[in-house]
Amino acid sequence: QCCTYYLNPGIIKKSMNDNNLQTGNHQLVRSINEVIVLNFIRSHKLISGAELAKKTGMRPSTISSLVKQLKAKGLIAISGKGQSTTRGGKRPTLWRLKYNSRFVIGVDLELGESTAVCMNLRGDIIERLSISFPRDLNIEQLNEKVGDLIENLLINSKIKSEQILGLGFAVPGIIDTTENKIIMSSLVSEWGYCFSEYYKNRFSFPCFIENNANAAAISSKWAFGSENLNHFLTILIELSPIVGGLGVGIVLNNEVYYGTSFSSGELDIHLPTITDVFSQMRYKLTSDSYFSNFKNDVTKIQLNDIIFAGKNNNEIALHYYNRLGTIIGNSISNAVAFFNPGHIVIAGGISEAGENFIQAIKSSISPNLLDVTQRVISYKLHPFGSDAVAHGAGACLLDDFFRMPVTMQKSRLDQLSIS
């Protein structure tokens with residue numbers, strides 16, 4: 001009998017019709033079963049074939065065939081023997097996921113800087129590189145710089161190109177993830193720019209693109225996976241002497257919500273730059289034991305300087321956290337009240353500021369919420385700090401790799417498969 005499988009409608013960007021549904025032929029059913037077994041092995045760390053059959057409801061012969069195929073692809077390996085049952089008999093073979101059998105590359109691309117990471121199937125960052133470059137490079141020059149960064153990352157990681165599942169980019173702006181195009185971004189002036197073409201031609205693996213705040217939200221799913229967040233907001237905060245920005249990644253039922261035109265979470269909030277804030281506090285710097293070094297040129301103060309001082313309870317750094325946290329809290333409080341999330345994750349370099357910064361945001365949001373709303377919110381600092389976006393760019397691909405192959409809709413799924 002023919003079955004039809006549907007992708008979660010919460011993440012569909014276009015209306016489904018009969019042309020983009022994939023019917024359940026034998027190969028599709030086998031592919032789905034393969035992903036189911038792979039995910040059970042991934043989530044259980046060690047599991048026997050008998051236990052897989054029990055948990056999935058598949059026949060033991062089907063499980064045996066699937067694990068042999070996954071082993072042949074190098075994705076799983078035998079990890080010893082389990083305990084015999086109370087009735088005795090042969091000890092079962094235990095299977096585990098080979099985390100370092102495949103890898104993804106994630107790239108965080110901003111004006112003037114880029115960070116690239118290489119990650120294994122567990123989402124661990126195994127190699128990281130960053131570069132800076134002039135902010136006025138044209139797109140051709142930018143692509144050359146970032147392409148060289150990726151090549152150097154591959155050289156340093158010593159990973160073969162055939163082990164790379166794909167290359168994920170995260171950029172600021174509005175991104176059409178189904179067409180792999182930049183709709184609008186500070187990186188390019190051209191609307192609908194197909195960013196991935198250069199990298200597909202230069203490298204031998206698939207290339208995809210995502211909005212930076214959404215990438216940070218996907219990274220949050222992996223970072224807090226054991227907590228099963230489900231409904232949460234990731235607040236991506238970008239700060240430097242010349243940049244102050246904020247984006248929101250929205251996750252509903254454990255899936256990123258993009259909105260009708262891919263602009264969900266684009267609140268158009270502009271934060272004061274580090275230089276803006278410290279210019280107004282210049283009179284306080286003279287007598288400060290740490291920031292007095294910057295009294296003649298506040299443009300040299302970097303976020304790392306503030307975080308270092310904040311960890312030592314520096315009064316000026318704490319004042320900065322309070323001021324910035326108040327601005328952010330007031331800016332997003334309506335969105336928080338509307339969305340009613342269970343968690344708010346703070347991402348970006350400022351997440352390294354710790355609980356002092358969290359408290360400043362919480363104090364400014366709470367008065368604008370109903371008591372029943374604020375009581376359920378858990379505030380979290382993203383553990384990857386300034387690497388959250390690059391990690392999320394790679395985690396987008398891992399998400400798709402472990403997802404069911406259920407439609408023919410144009411997406412990252414078309415090119416990422418268990419092979």
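This is a predicted model: local features need pLDDT of at least 70, side-chain atom pairs count only at pLDDT 80 or more; totals for chains, interfaces and linings use all residues.

Colleague: Is strand β15 largely enclosed or largely open, given how many of its five residues are buried?

Modeller: Strand β15 covers residues 343-347. Five of the five residues are buried, so β15 is largely enclosed by the rest of the structure.

Colleague: Which residue of β15 is the bridge partner of Thr-234?

Modeller: Strand β11, residues 232-239, is joined to β15 by five bridges, and the two run parallel. In β15, the partner of Thr-234 is Val-345.

Colleague: Which residues of helix α9 are buried, and which elements do they pack against?

Modeller: Helix α9 spans residues 303-311, and its buried residues are Leu-303, Asp-305, Ile-306, Ile-307, Ala-309 and Gly-310. These buried residues pack against β11, α7 (274-280) and α10.

Colleague: Which residue with a positive phi follows α9?

Modeller: The phi of this residue is near 60 degrees. The residue that follows α9 is Asn-313.

Colleague: Are helices α10 and α11 parallel or oblique to each other?

Modeller: Helix α10 (residues 315-339) packs on helix α11 (residues 355-365) with the axes 7 Å apart and at an angle of about 45 degrees. Angles under 35 degrees count as roughly parallel and 65 to 115 as roughly perpendicular. The angle therefore makes α10, relative to α11, oblique.

Colleague: What is the handedness of the crossing of α10 and α11, left-handed or right-handed?

Modeller: The two helices pack with their axes 7 Å apart. As α10 passes α11, the crossing is right-handed.

Colleague: Are α1 and α3 roughly parallel or roughly perpendicular?

Modeller: Helix α1 is residues 26-44 and helix α3 is residues 60-72; their axes lie 10 Å apart at an angle of about 80 degrees. Angles from 65 to 115 degrees count as roughly perpendicular. The two helices are therefore roughly perpendicular.

Colleague: How many nonpolar residues are in the contact of α1 with α3?

Modeller: Helix α1 contributes Arg-30, Asn-33, Glu-34, Val-37 and Leu-38, while α3 contributes Ile-63, Ser-65, Leu-66, Val-67, Gln-69 and Leu-70. By class, three are polar and two charged, and the nonpolar residues number six.

Colleague: Which are the edge strands of the open sheet of three strands?

Modeller: The order of the strands is β1-β3-β2, with antiparallel pairing. Two bridges join β1 to β3 (residues 93-97), and Ser-48 stands opposite Leu-94 in β3. The strands that pair on one side only are β1 (47-48) and β2 (76-81).

Colleague: At what angle does α3 run to β2?

Modeller: Helix α1 lies across β1, β2 and β3, at about 90 degrees to β3. Helix α3 lies across β2 and β3, and its angle to β2 is about 115 degrees.

Notes:
Residues are numbered from 1 along each chain as its sequence is written. Side-chain values use heavy atoms; hydrogens and water are left out. Buried means under 20% relative accessible area, exposed over 50%, partly exposed in between (1.4 Å probe, protein chains only). Helices (H or I, at least four residues) and strands (E, at least two) are DSSP runs, numbered from the N terminus. Two strands pair if DSSP finds at least two bridges between them. Axes are lines fitted to C-alpha atoms, for helices over the stretch in contact, and angles run from 0 to 180 degrees between N-to-C directions. Angles under 35 degrees count as roughly parallel, over 145 as roughly antiparallel, 65 to 115 as roughly perpendicular and the rest as oblique. Contact means heavy atoms within 4.5 Å. Ala, Val, Leu, Ile, Met, Phe, Trp, Tyr, Cys and Pro count as nonpolar, Asp, Glu, Lys and Arg as charged, and the others, Gly among them, as polar. A crossing is left-handed if the near helix is turned anticlockwise from the far one by less than a right angle, and right-handed if clockwise.
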